[in-house]
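Here is a short briefing to read alongside your structure. Keep the viewer open and follow along topic by topic.

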Amino acid sequence: MTALLEVRDLLVRFGPVRAVDGVSFELPRGPYGLGLVGESGSGKSTVGRAIVRLGPTAGGDVLFDGDDVLQLRGPGLKKYRRAVQIVFQDPDNSLDPRMKIGTTIAEVLTAHGIVARRQVAGRVRELLQEVALDPAFSSRFPHQLSGGQRQRVAIARALAVGPRALVLDEPTSALDVTAQARILAMIQRLRDEHELAYLLITHNLAVVSELCEATVVLYLGKVAESGPTRELLAHPAHPYTKALRSAVPEVKADARTSRIPLTGEPPSAASVPPGCVFHPRCPIAVDRCRREIPALRIVGPGRKAACHRAEEVLGGIDLRQPAATAHGGGPA
Amino acid sequence: MSLLEISDLRICFGTRPVVELERLEVDRAEIVGLAGESGSGKSMTTMAVLGLAATVGARVEGSVRFDGQELIGLPQRVLQGIRGRRIAMIFQSPAMAFNPVFRVGQIFLSALELHGAASRGEATERATTALRSVYLAPDLLDRYPSQLSGGQLQRISIAIALALRCDLLIADEPTSALDVTVQGDVLELLRALRDDKKIGILFISHDLAVVAELCDRIAIMRKGRVVEAGPTDRVIGQPQDAYTRELLAAVPAIKLAGVSS
């Protein structure tokens with residue numbers, strides 16, 4: 001069976017900056033969670049916006065059920081928007097402060113003609129119940145709700161059109177841990193009940209390990225590594241994944257791994273280094289990495305990595321050592 | 001005697017108490033974590049320590065002793081000699097803590113001149129040294145805040161605290177807005193301040209995982225009260241309070257079950 005959503009060689013440019021540079025991945029049919037992980041500026045949100053046609057694209061394809069999403073117009077695009085919805089990080093900016101919760105959700109139902117007018121109020125109530133909110137919230141304004149409750153409203157609004165896939169862009173980053181835990185549990189429940197597929201965009205590796213079967217790691221607009229989440233986190237094939245993994249704080253002392261420091265600041269897409277984009281911060285970069293862009297290649301079952309030394313990283317090479325001697329560091 | 005001793009602190013808006021803190025201490029060369037959800041009173045507590053609670057309309061009763069001196073009730077003029085110079089603070093959003101129209105160097109130097117550097121020459125020297133100890137190049141001083149990343153600005157905040165030679169650093173969610181790899185660097189800097197400069201640090205965060213990794217002792221706050229406090233290993237390992245357990249259970253952890261090692 002083909003994937004529900006396929007992103008092929010996606011390119012997004014802002015002026016001369018290639019914010020997303022040749023990103024490819026597949027989102028299988030639901031119930032399924034795919035994580036898109038990266039730090040600020042990695043291009044993860046830009047990918048999410050391009051998929052739902054909220055941002056510009058300069059090249060590549062997005063296929064939904066075989067249809068070319070980037071060419072859709074008019075009724076075709078409207079139909080696609082019913083199939084794929086997005087939930088943003090900050091519900092304060094995505095909910096109209098002057099609109100009551102009920103009106104916000106009802107607007108979607110009417111705009112897309114989901115139910116007959118006289119059934120709208122009833123459907124709004126059902127949707128609020130579905131995200132575990134009191135239907136009485138229908139008559140409240142966003143500011144009368146907590147951040148977690150507002151995010152539930154945003155999710156209810158996305159569910160209103162009966163989507164097959166969701167793009168969740170950092171849905172819990174603005175919430176504190178207890179609210180986050182409840183939203184994550186709810187996403188898991190909804191995904192099974194509605195057979196939803198979702199692309200979960202986050203910087204939090206712990207969140208993808210709980211909610212996503214597979215994960216794509218982005219670095220500076222390119223895929224660094226992709227594969228089944230737990231294998232990828234247990235045995236990263238890319239030094240960046242390994243460093244990212246080691247930086248995640250853990251409550252339990254025995255779960256902590258010794259941190260692999262990355263030198264330098266996260267780079268900017270405005271000045272992309274030659275060769276491997278990660279080489280200026282990579283603890284095991286060799287000359288080849290400074291010259292030759294590594295292809296995203298298969299490194300194991302279901303796994304791909306864009307690293308010349310992926311096999312050594314998978315084999316457990318020590319990244320806390322300065323530039324390794326295995327490949328020599330001689331002049332090119 | 002601890003460096004900072006808070007006792008029977010009560011902060012009210014009108015008649016409504018938002019913080020009722022029986023006891024919280026921070027010693028020299030120690031990092032104490034104050035953890036809790038939004039609205040639990042963590043940040044109000046720091047405002048009271050700095051004598052700033054009145055600026056947001058709150059009334060403060062009780063005792064905040066710093067290095068033996070009672071801070072509650074001190075006139076602002078006297079407080080200004082302590083705040084900034086001996087007690088420094090870094091905030092969650094470094095971009096908001098820097099005035100965008102001044103170069104970072106001007107902000108840095110005027111802080112030093114305001115708080116005791118003898119001359120511009122001495123201030124420049126102290127700034128340069130402090131920047132090196134947070135692994136930043138001194139030429140960053142010529143840039144505007146918007147030209148620096150969040151991680152760089154947060155390190156500059158720490159450098160200012162260092163250059164002021166503060167005794168106590170209050171850090172309010174200093175890494176919550178940063179990427180996880182940058183967060184790691186900032187946490188390491190804070191450890192270095194504790195170990196090398198013997199600075200006492202009050203670390204405010206809602207992220208128990210960060211608190212657990214960094215702090216020597218933890219106080220868990222809920223609705224203005226400390227529900228549990230103690231050495232980190234004890235609070236994390238054998239939480240006594242139901243709320244602490246709930247908070248710990250909510251922290252997402254990387255799950256690797258079912259993967260062969």
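Predicted model: local features only at pLDDT ≥ 70, side-chain atom pairs only at ≥ 80, totals over all residues.

Chain A holds 12 helices and 12 strands, and 31 residues from chain A meet 31 residues from chain B where the two chains touch.

**Overall build of chain A**
- The radius of gyration of chain A is 21 Å, which agrees with the value near 20 Å that a compact globule of 332 residues would have.
- Along its principal axes, the C-alpha trace of chain A spans about 75 × 45 × 35 Å.
- Of the 332 residues in chain A, 48% are buried.
- Among contacts in chain A with a separation of 6 or more, 65% join residues 24 or more positions apart.

**The sheet in chain A**
- Eight strands of chain A form an open sheet with mixed pairing, in the order β6-β7-β8-β3-β9-β10-β12-β11.
- At the edges sit β6 (84-87) and β11 (297-300) of chain A, each pairing on one side only.
- On average, neighbouring strands of this sheet are turned by 20° against each other, direction ignored.
- Within the sheet, β10 (residues 222-228) and β12 (residues 303-305) of chain A pair in the antiparallel sense over two bridges.
- If you want to find this pairing on screen, look for S226(A), whose bridge partner in β12(A) is K304(A).

**The largest nonpolar core**
- This core has 185 residues, and those touching the most other members are L199(A), L200(A), A159(B), L168(B), L169(B) and F203(B).
- Helix α6 (residues 150-163) of chain B gives the most to the core, with eight residues.
- Leaving aside residues up to four places away in sequence, L200(A) touches several residues, including L34(A), L36(A), L168(A), V208(A) and L211(A).

**Helix α1 of chain B**
- Seven of the eight residues of α1 (residues 42-49) in chain B are buried, so the helix is mostly covered.
- Those buried residues include K42(B) as well as M44(B), M47(B) and V49(B).
- Just after α1(B), G51(B) takes a positive phi of about 70°.

**Where the chains meet**
- The contact draws 31 residues from chain A and 31 residues from chain B.
- On the chain A side, α7 (177-194), α8 (205-211), α9 (229-234) and α10 (239-247) each supply at least two residues.
- The largest share of that side, five residues, comes from α8(A).
- The residues on the side of chain A that touches chain B divide into 16 nonpolar, six polar and nine charged.

Notes
Residues numbered from 1 in each chain as written. Chains lettered and ligands numbered in written order. Contact = placed C-beta atoms within 7 Å. Helix = DSSP H or I, 4+ residues; strand = E, 2+ residues; numbered from the N terminus. Nonpolar A, V, L, I, M, F, W, Y, C, P; charged D, E, K, R; others polar. Pairing = 2+ DSSP bridges. Axes fitted to C-alpha atoms, helices over the stretch in contact; angles between N-to-C directions. Buried ≥ 20, exposed ≤ 12 C-beta atoms within 10 Å, placed from the backbone. Core = buried A, V, L, I, M, F, W, Y, C linked by C-beta atoms within 7 Å. Rg over C-alpha atoms; globule rule 2.2 N^0.38 Å.
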